[in-house]
Number of protein chains: 2
Amino acid sequence: MLSKNKIKFINSLKLRKYREKNRLFLAEGEKIVSDLLSSNLNAEYLIIEEGFNFKGLNKKVEIIRTDSSSIKMISGLKNPSKVMGIFETIQNKFKVSDIINKISLFCDSIQDPGNLGTIIRTADWFGIEHIICTNETVDVYNPKVVQATMGAIAGVKVHYLEAADFFKQISGDIQVYGTFLEGENIYKSKLSESAIIVIGNEGKGISGKVKKYIDKKIYIPCRADSKNFSESLNASVATGIVCSEFVRRKI
Amino acid sequence: MLSKNKIKFINSLKLRKYREKNRLFLAEGEKIVSDLLSSNLNAEYLIIEEGFNFKGLNKKVEIIRTDSSSIKMISGLKNPSKVMGIFETIQNKFKVSDIINKISLFCDSIQDPGNLGTIIRTADWFGIEHIICTNETVDVYNPKVVQATMGAIAGVKVHYLEAADFFKQISGDIQVYGTFLEGENIYKSKLSESAIIVIGNEGKGISGKVKKYIDKKIYIPCRADSKNFSESLNASVATGIVCSEFVRRKI
């Protein structure tokens, strides 16, 4: 059974400061827990509903069996899952040499956990290994981010850095791209093999403090035959399209 | 002020059956309400918080001023907006001739309102005018779908049809595409100008009853150098990438 203290502790992991203090995070759902168990992440323990046969168990790890009412108390979902895992966070060290000759992403204050999670999932699909986030970006270990990654969180290294520090380090070596209404048609632009793709905030786009480091403004062409069209793409959809175009040129 | 009856009525619009019965839906948020007011949709009335200066008001429409506690009672958001609108739904009539020589989307049981809304927003961006949905797909006037469209709901015609009825009608005239793991590399595939892009359910993919109508299986290439990579893309991200590739060929 889960003790009251353990329930309190697990619930504290819903807040960034306790995740950072304890270097632990909560993942919920059979598929995600099973994917994380297969990855290089260390599981602290799993919580599984009594009587439930969890098929994703593929390594030795402490298991706490408990009833559905205790699970409800720690779940962040409307329909709580029967399997949860407490995993160690990864402390990624950023080195410029790791992102040379590669495509990497830079999240400029992404706020929506679903968007960051989906961006990580997309990066993993395309083999993008590094995502740099400003400190204003939502925490990668937020339970809703973890949920939206669908297990991809283990395959991508996410770094939190100050924008100025990061861009000064890479200056000259890697071309920095961002989408702007006045940008060049991405389908017809020359795209470099060493690239940072900047993803702007959902409402405000790319911030002033990041904009000055953009080497090339690009644009995903839209229909322009009507004034009544949506003026923007969802941040994670735009990321998917830009990543796809970079990857297409390489293969 | 909002009467108790009106609050009850507006809340009833959160359910599909009452939206269909009354042919009305609720939109929440300054930007969305303002976009819908600029569109061809008819507004029944707006609800605006007392003292709030709504700048998106660009046509004559009944306005009900009310206090923030009444707004809280009808809002579907954690942070209720100060502006809401009740709009008439559009009864779209589907004709095959409308989708000839165009790219259209077919949603095969999309469940997540955020995904459907984002797909509509993406379609609008690329000038895709028609989206056909199976009856199992989430309702386009679900408040969370409306929210995620960011106003694009007015620019795209969404039709609910039985899969078999739809595909029999278009048979032979329009190429039907779907993404499958065993599909052809989309970047290297011949893509037709008259196309239906099928989007599968988030968990189950393209259903058996739709699969048999697929003319060409395509695939978004992923990195294949590791077993620990996410096995899928988010439905709306995949849609964005496939739409982008179709549009790129045209321009």
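Which strands of chain B does helix α3 lie across, and at about what angle does the helix run to β4(B)?

**Entry 1: helix on sheet.** I looked up helix α3 of chain B, residues 30–37, in this predicted model. Helix α3 lies across β1, β2 and β4 of chain B. I took its direction against β4(B), residues 83–88, and the angle is about 35 degrees.

**Entry 2: the sheet itself.** I then traced the strand order in chain B. Four strands form an open sheet in the order β1-β4-β2-β3, and the pairing is mixed. I noted β1 (24–28) and β3 (63–66) as the edge strands; each has a single partner strand, so one side of each is left without a neighbour in the sheet. Neighbouring strands in this sheet are turned by 20 degrees against each other on average, direction ignored.

**Entry 3: one strand pair.** I went through the pairing of β2 and β3 in chain B. Strand β2, residues 43–49, is joined to β3(B) by four bridges, and the two run parallel. I also looked up B:Leu46, whose bridge partner in β3(B) is B:Ile63.

**Entry 4: the two copies.** I superposed chain B on chain A. A rotation of 180 degrees with 0.0 Å of shift along its axis does this, at RMSD 0.0 Å. That is the relation of a two-fold axis. I compared the contact residues as well: 100% of those of chain B recur in chain A, so the same surface serves both copies.

**Entry 5: confidence.** I recorded the scores last. The model has ipTM 0.93 and pTM 0.93. For chain A, the mean pLDDT is 93, and 97% of the residues reach 70 or more.

Key: Residues numbered from 1 in each chain as written. Chains lettered and ligands numbered in written order. Predicted model: local features only at pLDDT ≥ 70, side-chain atom pairs only at ≥ 80, totals over all residues. Pairing = 2+ DSSP bridges. Axes fitted to C-alpha atoms, helices over the stretch in contact; angles between N-to-C directions. Contact = placed C-beta atoms within 7 Å. pLDDT = per-residue confidence, 0-100. Least-squares fit on C-alpha atoms with pLDDT ≥ 70 in both.
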